[in-house]
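Subject: Structure for your review

Dear colleague,

Please find the structure below, together with its sequence.

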Amino acid sequence: MTTIGLNQGLNARGHNACCVIREPSMGPVFGIKGGAAGGGYSQVLPMEQINLHFTGDLHAVTSAHNLCSAIIDNHLHRGNELDIDLNRIYWPRTIDMNDRSLRQVTIGLGGKFNGVVRTDRFDITAASEVMAILALSKDYADLRERLGRIVIAKSNSGNPVTADELGAAGAMCLLLREALMPNLVQTLEGNPVFIHCGPFANIAHGTLR
């Protein structure tokens with residue numbers, strides 16, 4: 001709300017100002033924190049759409065992230081050619097919702113056709129490394145390169161295993177093709193506002209494992 005109010009104040013004083021805010025995560029929207037489109041006379045429009053899915057950018061991040069997760073488990077199921085250490089898989093799954101029961105899960109149960117049994121977890125989408133990368137990328141080529149460098153695990157010999165080696169980065173980039181483009185909205189007073197990405201900056205950028 002402070003950023004939006006400052007934008008409105010600068011424009012009211014004759015400056016050509018715009019601001020950039022992050023896209024709301026539905027976890028906080030449905031939690032105690034609430035929405036992230038401002039409030040009172042300092043808000044951006046259309047507030048309801050912005051707080052609820054908006055253009056689907058967070059869903060694209062969720063899909064790209066979970067695609068990599070699915071490829072990891074498919075790789076393990078089909079022989080583990082990269083010799084991934086099951087105890088050193090750093091890549092979780094994501095969901096854009098607060099759900100504490102998914103913080104630690106066991107996957108692959110139900111027989112050999114359901115994959116390799118191992119522990120996993122769900123992070124909120126805003127904490128995803130994909131979200132951090134999307135926010136930092138300057139164009140599609142940069143996005144593709146950054147996704148490829150993600151270290152998703154270590155091998156049994158201690159070597160890092162990347163998303164490129166897994167063959168996941170290209171498809172992840174494709175799912176993010178529209179999310180890379182910023183969204184233009186406006187304040188109640190008609191001032192321009194860009195909404196782009198939604199990282200929890202203290203978590204998504206430089207996550208400690």
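The notes below cover the sheet, one arginine and the cysteines.

This is a predicted model, in which local features need pLDDT of at least 70 and side-chain atom pairs count only at pLDDT 80 or more, while totals for chains, interfaces and linings use all residues. Residues are numbered from 1 along each chain as its sequence is written, and side-chain values use heavy atoms, with hydrogens and water left out.

The sheet

Helices (H or I, at least four residues) and strands (E, at least two) are DSSP runs, numbered from the N terminus. Two strands pair if DSSP finds at least two bridges between them. An open sheet is formed by 5 strands in the order β1-β12-β11-β3-β2, with mixed pairing. Its edge strands are β1 (19-21) and β2 (38-39), each of which pairs on one side only. Helix α1 (residues 2-12) packs on this sheet and touches β1, β2, β3, β11 (183-187) and β12 (192-195). The direction of α1 makes about 165 degrees with that of β1; contact means heavy atoms within 4.5 Å, and axes are lines fitted to C-alpha atoms, for helices over the stretch in contact, with angles running from 0 to 180 degrees between N-to-C directions.

Strand β2 is joined to β3 (residues 42-45) by 2 bridges, and the two run antiparallel. G38 stands opposite Q43 in β3, and G39 opposite S42. The hairpin of β2 and β3 has 2 residues between the strands, and G40 there takes a positive phi near 60 degrees. β3 also pairs with β11, in the antiparallel sense over 2 bridges, and L45 stands opposite Q186 in β11.

R93

R93 lies in strand β5 (residues 93-95). R93 is buried, with a relative accessible area of 16% (buried is under 20%, exposed over 50%, partly exposed in between; 1.4 Å probe, protein chains only). The R93 side chain makes polar contacts with the side chains of D73, at 2.9 Å, and D120, at 2.5 Å. A polar contact is a pair of N or O atoms within 3.5 Å; within protein, one must be able to donate a hydrogen and the other to accept it, and residues adjacent in sequence count only if both atoms are side-chain atoms.

The cysteines

With a disulfide taken as a pair of cysteine sulfur atoms within 2.5 Å, the count is 0. The sulfur of C19 is too far for a bond because the closest cysteine sulfur, in C18, is 7.0 Å away. C68 is in no disulfide, the nearest cysteine sulfur, that of C173, being 13 Å away. C19 is buried at 8% relative accessibility, and C68 is buried at 0%.

Yours sincerely
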